[in-house]
Amino acid sequence: MELYNNIIIDTSEKIAGITTKTWAYDATDCWKNLERSELIMQSDQAFELGGSGTPSANFTCVTTNTDLVPQDEVLLCGKDLTELHGDVSFARIVLLGVKDIGDEDAAHSAIQQMDFVRYHVYPEGYMVRVSAESSQERVRVARDAVSRGISFKSIGNTYIKAYKENENVISARIIFLTDQEIIRELNQTANKVADITNALSHILDGLDVDCDSCALKPVCDEVEGMKEMHLGKKK
């Protein structure tokens with residue numbers, strides 16, 4: 001599955017000059033993961049990531065080209081959680097190196113399963129609110145968690161641990177960005193990722209449409225391998 005490769009390459013190039021910290025995955029340094037989402041009242045929060053109308057972005061890309069995601073690691077572009085003192089723009093990007101899963105239908109199902117992980121990670125003192133429709137993610141961080149030293153390193157490790165429970169995941173890179181100019185641009189990238197996934201679903205539904213009149217034609221034209229997949233499904 002290499003439909004997202006160009007986005008992975010472009011994203012990696014964009015953050016290369018602004019990455020401030022990189023940590024190798026450490027399964028022993030995870031933040032406590034609760035069984036369900038925790039309600040953090042506004043009166044108990046230290047700040048919100050993506051709050052107060054600041055830009056936010058969230059997307060997941062998978063690839064069978066593990067050279068693009070060579071190892072498990074957490075990257076930070078900007079200030080860490082204990083360094084923030086107010087609401088800031090925020091992005092969380094997940095890049096996954098995966099096994100060659102097989103045919104397109106199996107791959108699509110696997111992608112959905114991997115993407116669902118983001119809805120089932122509940123770090124203590126870190127309340128995530130995801131908008132699947134707008135590709136945004138807002139996080140309310142509790143003052144108590146900040147005082148106890150919550151960090152993107154430990155949060156990232158918690159996410160990687162969850163992704164690695166999927167047998168198809170070989171490597172995972174979790175990228176956090178805070179208060180960065182490119183976050184607004186990454187929100188547009190997130191929309192493009194959603195378009196690719198929607199186009200893939202459209203193709204696998206077996207809908208026989210006129211490509212020239214299809215609303216998803218720009219996506220198929222831009223993404224390498226998408227048009228060939230569509231034509232193969234129509235035969």
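Modeller: At 41% relative accessibility, Arg148 counts as partly exposed, because that class lies between buried, which is under 20% relative accessible area, and exposed, which is over 50% (1.4 Å probe, protein chains only). The model is a predicted one, in which local features need pLDDT of at least 70 and side-chain atom pairs count only at pLDDT 80 or more, whereas totals for chains, interfaces and linings use all residues. Residues are numbered from 1 along each chain as its sequence is written, and side-chain values use heavy atoms, with hydrogens and water left out.

Arg148 forms a salt bridge with Asp144, their closest N and O atoms lying 2.9 Å apart, where a salt bridge is a side-chain nitrogen of Lys or Arg within 4 Å of a carboxyl oxygen of Asp or Glu. Asp144 is also partly exposed, with a relative accessible area of 46%. The structure holds 12 salt bridges, one of them being this pair.

Another is formed by Lys164 and Asp72, with 3.1 Å between the closest N and O atoms. This pair links distant parts of the chain, 92 residues apart, since Lys164 belongs to helix α4 (residues 152-164) and Asp72 to the loop between β3 and β4 (73-77); helices (H or I, at least four residues) and strands (E, at least two) are DSSP runs, numbered from the N terminus. Lys164 is partly exposed at 30% relative accessible area, whereas Asp72 is buried at 18%.

In Arg138 and Glu48, the closest N and O atoms of the salt bridge are 2.6 Å apart. Here, too, distant parts of the chain are linked, with Arg138 in strand β7 and Glu48 in strand β2 (residues 45-49), 90 residues apart. Arg138 is partly exposed at 34% relative accessibility, while Glu48, with a relative accessible area of 4%, is buried.

Glu48 and Arg138 also belong to a network of salt bridges that links them with Arg129 and Arg140. Arg140 is found in strand β7 (residues 136-142) and counts as buried at 13% relative accessibility. The side chain of Arg140 makes a polar contact of 2.8 Å with the side chain of Gln45, a polar contact being a pair of N or O atoms within 3.5 Å; within protein, one must be able to donate a hydrogen and the other to accept it, and residues adjacent in sequence count only if both atoms are side-chain atoms. Leaving aside neighbours within four places in sequence, Arg140 is in contact (heavy atoms within 4.5 Å) with residues including Gln45, Phe47, Glu48, Tyr126 and Arg129.
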